[in-house]
Amino acid sequence: MTVEGAGQDYLTRQIGALLEAIREEGPVGEGRRSFRIAGHLAAEGGFHLGDILAATAQLLAVHAWNNGYLAAAELLTRRMRDFGAESVELVRYLVRLETGCEQGWLPHADRDELIAYARRVQRADIEERAQSIEPSLPGVTDPERPDRMASES
């Protein structure tokens, strides 16, 4: 195993540990362990600290929201903003990107906004992934074939 491979393996384990900490802390936890692991991940993995902490706060907020703890979700969302506007913006676009990749499509305007963001912040990786997502057209009800209405016109 190469040093780079060992490093990637370590980062994968750290990311797994972060996700496990989020699950274990529960929807009303303050995220102390999660934020501590995220801080280590940023330092050791070369991630921007604000980005990884904002993403951790977002994951904790979603976990709280999904379990009906709306006040905790709101608190975590406010805390997320403490990590910087640019980090919050990145997390917002990454969530949109991952949703689009998972679904295989995004509304046309969302896809265009995501591509524009990637170009503005010079993130070719995000732009490339966003361009691979099928855009859907307004009024299309079948996300499996978002281009169907355009070809039938």
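**Rings, charges and a helix pair**

I looked for aromatic pairs and found two in the structure. The rule I used: rings of Phe, Tyr and Trp (its six-membered ring) pair if their centres lie within 6.5 Å; planes under 30 degrees apart are stacked, over 60 edge-to-face, the rest tilted. This is a predicted model, so local features need pLDDT of at least 70, side-chain atom pairs count only at pLDDT 80 or more, and totals for chains, interfaces and linings use all residues. Residues are numbered from 1 along each chain as its sequence is written, and side-chain values use heavy atoms, with hydrogens and water left out.

**Phe-35.** I took the pair of Phe-35 and Phe-83 and found it tilted, at 5.8 Å centre to centre and 45 degrees between the planes. Phe-35 lies in helix α2 (residues 32-45) and Phe-83 in the loop between α4 and α5 (85-103), so the pair ties together parts 48 residues apart in sequence. Helices (H or I, at least four residues) and strands (E, at least two) are DSSP runs, numbered from the N terminus. Is Phe-35 buried or exposed? Phe-35 has a relative accessible area of 9% and is buried (under 20%; exposed is over 50%, partly exposed in between; 1.4 Å probe, protein chains only). The charged end of Arg-79 sits over the ring of Phe-35, 4.1 Å from its centre. For this, NZ of Lys or CZ of Arg must be within 6 Å of the ring centre and within 35 degrees of the ring normal.

**Tyr-93.** I then checked Tyr-93 and Tyr-117: ring centres 4.1 Å apart and planes at 15 degrees, so the pair is stacked. Tyr-93 is in helix α5 and Tyr-117 in helix α6 (residues 108-120), 24 residues apart. Tyr-93 is buried at 5% relative accessibility, and Tyr-117 is buried at 4%. The charged end of Arg-92 sits over the ring of Tyr-93, 4.6 Å from its centre.

**α3 and α4.** I looked up how helix α3 (residues 49-66) meets helix α4 (residues 70-81): the axes come within 8 Å and cross at roughly 170 degrees. That makes the two roughly antiparallel (over 145 degrees; under 35 is roughly parallel, 65 to 115 roughly perpendicular, the rest oblique). Contact (heavy atoms within 4.5 Å) involves residues including Ala-57, Leu-60 and Trp-65 of α3 and Leu-70, Leu-76 and Met-80 of α4.

**Whole chain.** I noted eight helices and two strands. Of the 153 residues, 31% count as buried.

Note on methods: Axes fitted to C-alpha atoms, helices over the stretch in contact; angles between N-to-C directions.
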